[in-house]
Amino acid sequence: MSQHERKETAVRRLLEGTPPPVPPELYTDAVRRGGRMLRRRTAARRLFWTLLLAAAVAFAVWASFAQPWVEPPSRTTPPLTRW
């Protein structure tokens, strides 16, 4: 019997057996921690979207005042050709 077959039979024996008893306080701890994780994820997601919205508004306000799409006025006068 090879190493692989021995490992496979050991795993099959573990899976076919009855699961060990779970302590009753484990469920309440898992629910409490899961709820905390969900609240943190929700808060982080809200913070991310709020910051993204604030950045978009700040960019829109800056763009409306700076108007980067408009060519700046020339600082020199054009040469006089028709005199």
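Asp29 counts as partly exposed at 27% relative accessibility, where partly exposed is the range between buried, under 20% relative accessible area, and exposed, over 50%, as found with a 1.4 Å probe and protein chains only. The model is a predicted one, in which local features need pLDDT of at least 70 and side-chain atom pairs count only at pLDDT 80 or more, while totals for chains, interfaces and linings use all residues. Residues are numbered from 1 along each chain as its sequence is written, and side-chain values use heavy atoms, with hydrogens and water left out.

The side chain of Asp29 meets that of Arg32 in a salt bridge, 3.1 Å from N to O; the term stands for a side-chain nitrogen of Lys or Arg within 4 Å of a carboxyl oxygen of Asp or Glu. Both Asp29 and Arg32 belong to helix α2, where they are 3 residues apart, about one turn of the helix; helices are DSSP runs of H or I with at least four residues, numbered from the N terminus. Arg32, at 42% relative accessibility, is partly exposed. The closest N and O atoms of Glu8 and Arg12 are 3.0 Å apart. Glu8 is partly exposed at 33% relative accessibility, and Arg12 is likewise partly exposed, with a relative accessible area of 49%.

Returning to helix α2, Val31 lies in this helix and is partly exposed, with a relative accessible area of 47%. Val31 and Val11 are 20 residues apart along the chain, and their C-alpha atoms are separated by 29 Å.

Charge also gathers on the surface, where Arg33, Arg36, Arg39 and Arg40 make up a patch of positive charge. Such a patch takes residues with over 30% relative accessible area and no salt bridge, and joins like charges within 9 Å, the place of an Arg charge being taken as CZ. Of these residues, Arg40 is found in helix α2 and is exposed, with a relative accessible area of 59%.

The aromatic side chains come next. A pair of aromatic rings is described by the distance of the centres and the angle of the planes. Rings of Phe, Tyr and Trp (its six-membered ring) pair if their centres lie within 6.5 Å, and the pair is stacked with planes under 30 degrees apart, edge-to-face over 60, and tilted for the rest. By this rule the count comes to 2 aromatic pairs. Phe48 and Trp49 form an edge-to-face pair, 5.4 Å centre to centre with 70 degrees between the planes; Phe48 is partly exposed, with a relative accessible area of 49%, whereas Trp49 counts as exposed at 52% relative accessibility. Phe59 and Trp62 form a tilted pair, with 5.7 Å centre to centre and 40 degrees between the planes. Because Phe59 and Trp62 are 3 residues apart in helix α2 (residues 24-66), they are separated by about one helical turn. Phe59 counts as exposed at 53% relative accessibility, and Trp62 as partly exposed at 47%.

Beyond this helix, Gln67 lies in the segment after α2. Gln67 has a positive phi of about 45 degrees although it is not a glycine, and at 37% relative accessibility it counts as partly exposed.

How values were computed: Helix = DSSP H or I, 4+ residues; strand = E, 2+ residues; numbered from the N terminus. Patch = residues over 30% accessible without salt bridge, like charges linked within 9 Å, V, L, I, M, F, W, Y side chains within 5 Å. Areas by Shrake-Rupley, 256 points an atom, 1.4 Å probe, with all protein chains shown as cover. Lys, Arg positive; Asp, Glu negative; His and termini not counted.
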